[in-house]
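Please look through the structure below with its charged and aromatic side chains in mind. The paragraphs that follow lead from one group of contacts to the next.

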Amino acid sequence: MDMEKEMETKMETMADFEEEINASFVKFREGDRINGTVVSVEEEEILLDLHSFSQGVIPQTEYSDDPDFHAMDEIRVGDTLSVVVLYEDEQGRTVLSLKQAREADSWEALKNAYEDRRIYEVRVKNTVPSGVVAYVEGIRGFIPASQLALAYVEEGELDQYIGQTLKVRVITVDEEKQKLVLSAKEVAKEEAAQIHENKLNALQKGYITEGTVTRIESYGCFVEFGDGLTGLVHISQICNKFLKSPKEVVKLGMKVKVKVLSVEEGKIRLSMKEAEDIAPELEKEEDERSSGGAAMEYKDEEEAITSLAGLLKGIHLEE
């Protein structure tokens, strides 16, 4: 029985050895996508074990199109890499491309990112006419000047973005035309909208503050207050008298006190007349509290003295 097991083990070992030998003589063809194990990483080239008689080499020009890619920082000995076969060099080595193998995967990832509205952080590399260039998933992307920020960026202002890190979203991805367009403006708009919504949610009905008149219409005026919030003061809420036009009382740039009446569907309703009516009352209450506290303190002290005198009254000390 032991002899049979030993024979089976030997046969399996011989079969594995034969398989390795056959694999070692495999000839790779141009365009084949194969896997190899990293045995050496240098700035100039990466060497791979292809489990063949031929050694694999990836020249630096076939690492990546992304200028921020550094092989010694991102690839380690023992890593398994998927590569595309280019040709066999004079030394009999199989020359490979890492970037070609990754490019197909990158375009697929970018298509998914477009569908999922994924946000990337990218570093601007350089400027081109009407925009800047940044790399995503190793693919060169274009950010038009109109998509760099909430406000339009002029051609002469593009240089200031070189080296900056931006949050972007894919807005056009076309592998066939090798076209990738990114937008930082879309992300900025969403972040600004979220911040604005948070401010609205924090706004309390009855809150009184000071603001600036930024727009006047026949039906009322708009007042900006806080950090970028704007609300409408209807003409009936400007003062306690009838007005034919808000301009009878307010003018652009005027500082006014307003009270928050309501916040509904992102719209803020304000009142100037209620703010002016309430403000003096609040000041009066504050004054009364301040003076009342002193009076109470004096009263308590007086009562304490009177009370002590009352206790001592009638007590006769014997000599």
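Is Arg 117 buried, partly exposed or exposed? Arg 117 is partly exposed, because its relative accessible area is 43%, where buried means under 20%, exposed over 50% and partly exposed in between, computed with a 1.4 Å probe and protein chains only. The model is a predicted one, in which local features need pLDDT of at least 70 and side-chain atom pairs count only at pLDDT 80 or more, while totals for chains, interfaces and linings use all residues. Residues are numbered from 1 along each chain as its sequence is written, and side-chain values use heavy atoms, with hydrogens and water left out.

Arg 117 takes part in a salt bridge with Glu 190, with 2.7 Å between the closest N and O atoms; the term stands for a side-chain nitrogen of Lys or Arg within 4 Å of a carboxyl oxygen of Asp or Glu. This pair links distant parts of the chain, since Arg 117 sits in the loop between α3 and β6 (119-128) and Glu 190 in helix α4 (residues 185-202), 73 residues apart. Helices (H or I, at least four residues) and strands (E, at least two) are DSSP runs, numbered from the N terminus. Glu 190 is partly exposed at 37% relative accessibility.

Helix α4 also holds Glu 186, which is paired with Arg 169 of strand β9 across 17 residues, and in this salt bridge the closest N and O atoms are 4.0 Å apart. Here Arg 169 counts as buried at 4% relative accessibility, whereas Glu 186, at 29%, counts as partly exposed. Arg 117, Arg 169, Glu 186 and Glu 190 are joined in a network of salt bridges.

The whole structure has 17 salt bridges, among them one between the side chains of Lys 111 and Glu 175 (3.1 Å, N to O). Lys 111 lies in helix α3 (residues 98-116) and Glu 175 in the loop between β9 (165-174) and β10 (179-183), 64 residues apart.

Turning to the aromatic side chains, a search of the whole structure finds two pairs. In one, the ring centres of Tyr 63 and Phe 69 are 6.2 Å apart and the planes stand at 65 degrees, so the pair is edge-to-face; rings of Phe, Tyr and Trp (its six-membered ring) pair if their centres lie within 6.5 Å, with planes under 30 degrees apart counted as stacked, over 60 as edge-to-face and the rest as tilted. Tyr 63 is buried at 4% relative accessible area, and Phe 69 is buried at 13%.
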